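Subject: Structure for you to look at

Hi,

Here is the structure I promised to pass on. Please open it alongside this message; my notes follow below.

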Amino acid sequence: MQTIQAHGAVIPAIGLGTWELSGRSCSRIVEQAIRLGYRHIDTAQVYENEREVGEGVRGSGIKRDEVFITTKIWTTHFAPLDLIRSVRESLARLRMDHVDLVLLHWPNPHVALHETLRGLGRVREAGLARHVGLSNFTVALIEQAMAMTPVPLVCNQIEYHPFLSQDKVLAACRHFGLAVMAYSPIARGRIKNDATLGRIAARYGKTPAQVCLRWLVQQGAAAIPRTSRIERLSENIAIEDFALSDADMAEIFALGSPAGRLTNYAFSPVWD
Ligand code: 1BO
C-alpha cells in the first residue's frame with residue numbers, strides 16, 4: 001500500500017472513512033476492510049462510532065501497531081484541558097492506549113487557536129497520539145496554525161474530489177509540508193454518472209471511483225472513501241495497478257470548481 005509522508009508521519013494513502021457508519025455494520029465493515037488489506041481507518045468523536053471502530057479493529061485480528069487510526073476532536077472540546085480529557089475519552093471508547101493521528105475536526109473561532117494547539121501538543125507529549133493535525137482549515141487558518149503550533153502538524157483533512165477545486169488550500173499544505181487527506185473523495189457517489197470519468201475509467205478497465213482515488217493518490221494526497229458495502233471495499237483499494245496519464249490528470253482537474261462543495265455548515269469557515 002502506497003503511503004504519504006509528512007513530518008515523520010507515514011500514512012497509508014487509502015483509508016476507510018466511517019462518517020455515518022454505526023453499530024454492528026460499522027464494526028463489520030472496519031473488520032472486513034482490514035482483512036482485505038486496509039491499514040488506515042478514520043473516525044471522529046462526532047460520528048459516535050469510535051467504540052464500533054475499535055471493535056472492528058480488534059475483530060480483524062490485526063496487531064494494533066499495524067493499522068493507522070485517526071480520530072477527530074469535536075469543536076466543543078478545544079480548550080486545552082478539555083481537549084486532552086476528550087482524547088482520553090475517545091481512547092476509552094476505542095479501547096486503545098493511543099491513536100496514530102488526532103485532528104481538530106473543524107476550526108472553532110470561539111476558542112483561541114494557540115490555546116487549542118497547546119492542548120494538541122499536550123496530547124502528543126502524553127503519548128495519546130503519535131501525530132496531530134487539522135481538518136477543514138482554510139489557507140488563512142493554516143498559516144495562523146503553522147505560526148503558533150508548539151508541535152509539528154502533519155495534515156489537513158479536507159473535502160476534495162474531482163468536482164471541488166482546492167488549489168489554494170493544496171498550495172498552502174504543500175508550502176507547509178502538510179499531507180492532504182481527502183474526505184468525500186468520490187463526491188458521495190456523484191462521480192459515477194460523469195461522462196469524462198466514465199470514459200477515462202473505461203480506457204483503463206477501471207471504475208470511475210477507482211479513477212478518482214487514483215487521481216488523488218497520484219497527486220500525493222491520501223483519501224478516505226467511506227462505504228457501507230463490503231463489495232466496494234476491494235474496489236476502492238485496487239488502484240495501484242494503473243497510472244493516469246498527464247492528459248487524464250489534467251482533464252480530471254478541469255472538472256473542479258468551487259461550486260462543487262458538498263459539505264457546508266453554518267459553522268464552516270469562509271472557504272478559499
Ligand atoms: C460534521 C462531520 C463532517 C465530516 O467529517
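Start with a side-chain pair: Glu50 and Ser90 make a polar contact through their side chains, at 2.8 Å. Bear in mind that this is a predicted model.

Where does Glu50 lie? It is in helix 2, which covers residues 50-60. Glu50 counts as buried because its relative accessibility is 2%, and the cut-off for buried is under 20%. Leaving aside neighbours within four places in sequence, the residues in contact with Glu50 are Thr43, Ala44, Gln45, Thr71, Ser90, Arg93 and Leu94. So Ser90, the polar partner of Glu50, is on that contact list too, which is what the cut-offs lead one to expect: a polar contact is within 3.5 Å, and contact means within 4.5 Å.

Now turn to helix 7, residues 195-204. Which of its residues are buried? They are Thr196, Leu197, Ile200 and Ala201. Seen down the helix axis, these buried residues fall within an arc of 125°, so they line one face of helix 7. They pack against helix 8 (208-218) and helix 10 (246-253). On the face turned away from the buried side, helix 7 carries the exposed residues Ala195 and Ala202.

Both ends of helix 7 deserve a look. At the start, a side-chain oxygen of Asp194 comes to within 3.1 Å of the backbone nitrogen of Thr196. After the helix comes Gly205, with a positive phi near 70°.

Best wishes

Definitions and conventions: Residues numbered from 1 in each chain as written. Predicted model: local features only at pLDDT ≥ 70, side-chain atom pairs only at ≥ 80, totals over all residues. Heavy atoms only, no water. Helix = DSSP H or I, 4+ residues; strand = E, 2+ residues; numbered from the N terminus. Buried < 20%, exposed > 50% of the residue type's maximum accessible area, 1.4 Å probe, protein only. Polar contact = N/O pair within 3.5 Å; in protein donor to acceptor, adjacent residues only side chain to side chain. Arc of directions from axis to C-beta.
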